[in-house]
Amino acid sequence: MATINEVAERAGVSTATVSRTLNGKDTVDSELAARVLAAVAELDYRPNGPARNLRRQETPVLALVISDVENPFFTAISRGVEDVAHAAGYSVVLCNSDDDADKERSYVSVALEERVAGILLSPTGHTSGGELLSDTATPFVALDRPLPDAPGDTVLVDTGSAAREATEHLAAQGYRRLGCITGPAGVPTADERLAGYRAGLRAAGMPGCSSLVRRSEFKAAGAGRAARSLLESTRPPDALLVANNAMALGVLETLRELGVRAGSDVGLVAFDDAPWARLLDPPLSVVAQPAYDIGAVGARLLLNRIGNERGEPNTTTLSAHLVPRASSDPR
């Protein structure tokens, strides 16, 4: 990242002139101000925001950019990050991207301007803040999803294998038309879970059928519509694999509206063991992911990088496991 000294040198002015120009002071000659602004644009210089003193630059703050603050999965990730960061004397600033690439990019840009010590983010999976991170010395770690635009430390979960296990479980329980509701195309976790579902069908000797697959945003409303589309089709599924717990809520609401009962009329397994999953009637079968550990491991990796640890980027892959409950009882 360019420095104020480099901007001053490029513009042929003093650093004081650069500072006055960027602070909007009207005492700067218009020609000099134009040269400063041109140099800022050429060097892609990012001022230090409201925190322009050395003391602020040394403040131990981590930025955490997650996809959905309302999702218990990301809440647990955040807790893992915060516990490790707090123990090391760091504060954490939480940002919610809503799986919006522009919003993610904006948060990453602000975090860099504020000179945070490091950044953890769960990338949207599309063009996002990754290109900003690839051009900075600020340490960063990607959580839950890889960051295609910038090589760096990453903490993932082997959700493809877990989706295969869940699909094979439904087949072993006697279900014969297994549907899948997953997230948007291009989002790695959504694509991996779909691939795992298809691998599970093959392992169970069942044909794949594109008419039994639906994609939606990782939200309840979209998943509810997807479930209705499947269950009201000419040949509806007798079981569903759902890609996260927010989507599961939408699916459960649709089942209630249609008078369909999980575990007897249709088998159901969803990703993420939310606190409410075992309280349902029937209790929800889930793929439990180590969400807290994703955050804790990611925070430790980031703190190591902040401590000047060198070496190639590291990818840590954690395991998920099936927790069968009554929503996937045998046919």
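This is a predicted model: local features need pLDDT of at least 70, side-chain atom pairs count only at pLDDT 80 or more; totals for chains, interfaces and linings use all residues.
Colleague: Fine. Which residues is S78 in contact with?

Modeller: L64, I66 and L94, once you leave aside its neighbours within four places in sequence. S78 sits in helix 5, residues 72-87. Helices here are DSSP runs of H or I with at least four residues, strands are runs of E with at least two, and both are numbered from the N terminus.

Colleague: And is S78 buried or exposed?

Modeller: Buried, at 13% relative accessibility. The cut-offs are under 20% relative accessible area for buried and over 50% for exposed, with partly exposed in between, using a 1.4 Å probe and protein chains only.

Colleague: OK, helix packing. At what angle do helix 1 and helix 3 cross?

Modeller: Roughly 125°, and the axes of helix 1 (residues 4-11) and helix 3 (residues 30-43) come within 8 Å. Axes are lines fitted to C-alpha atoms, for helices over the stretch in contact, and angles run from 0 to 180 degrees between N-to-C directions. Helix 1 and helix 3 are therefore oblique to each other.

Colleague: Which residues of helix 1 meet helix 3?

Modeller: E6, V7, R10 and A11, and on the helix 3 side they meet R35, V36, A39, V40, E42 and L43. The contact of helix 1 with helix 3 has six nonpolar residues, no polar ones and four charged. Nonpolar covers Ala, Val, Leu, Ile, Met, Phe, Trp, Tyr, Cys and Pro; charged covers Asp, Glu, Lys and Arg; the others, Gly among them, are polar.

Colleague: How far apart are the axes of helix 8 and helix 9?

Modeller: 7 Å, with helix 8 (residues 159-172) and helix 9 (residues 188-203) packing at an angle of about 40°. That makes helix 8 oblique to helix 9, and the crossing is right-handed.

Colleague: New topic: which residues of helix 10 are buried?

Modeller: G222, A223, G224, A226, A227, L230 and L231. What covers them includes strand 6 (178-182), strand 7 (213-215), strand 8 (239-242) and helix 11 (245-258).

Colleague: How many residues does helix 10 have, and how far does it reach?

Modeller: Helix 10 (residues 220-231) has twelve residues and reaches 16 Å from its first C-alpha to its last, close to the 16 Å expected at 1.5 Å a residue. The expected span is 1.5 Å times one less than the number of residues.

Colleague: Now the backbone. Which peptide bond is cis?

Modeller: The one from D281 to P282, with omega near 0°. P282 is in the loop between strand 9 (267-271) and strand 10 (285-288). For context, most residues other than glycine have a negative phi, and most peptide bonds are trans.

Colleague: What is phi for D272?

Modeller: Positive, about 85°, although D272 is not a glycine. D272 is in the loop between strand 9 and strand 10, and it is buried at 5% relative accessible area. D99 has a positive phi too, near 55°. D99 lies in the loop between strand 2 (91-96) and helix 6 (101-113) and is partly exposed at 27%.

Colleague: Last one: what does V286 touch?

Modeller: Not counting residues up to four places away in sequence, V286 touches V269, A270, D272, D273, A277, H321, L322, V323 and R325. V286 lies in strand 10 and is buried, with a relative accessible area of 0%. The C-alpha atoms of V286 and A166 are separated by 8.2 Å, at 120 residues apart along the chain.

Terms used:
Residues are numbered from 1 along each chain as its sequence is written. Side-chain values use heavy atoms; hydrogens and water are left out. Angles under 35 degrees count as roughly parallel, over 145 as roughly antiparallel, 65 to 115 as roughly perpendicular and the rest as oblique. Contact means heavy atoms within 4.5 Å. A crossing is left-handed if the near helix is turned anticlockwise from the far one by less than a right angle, and right-handed if clockwise.
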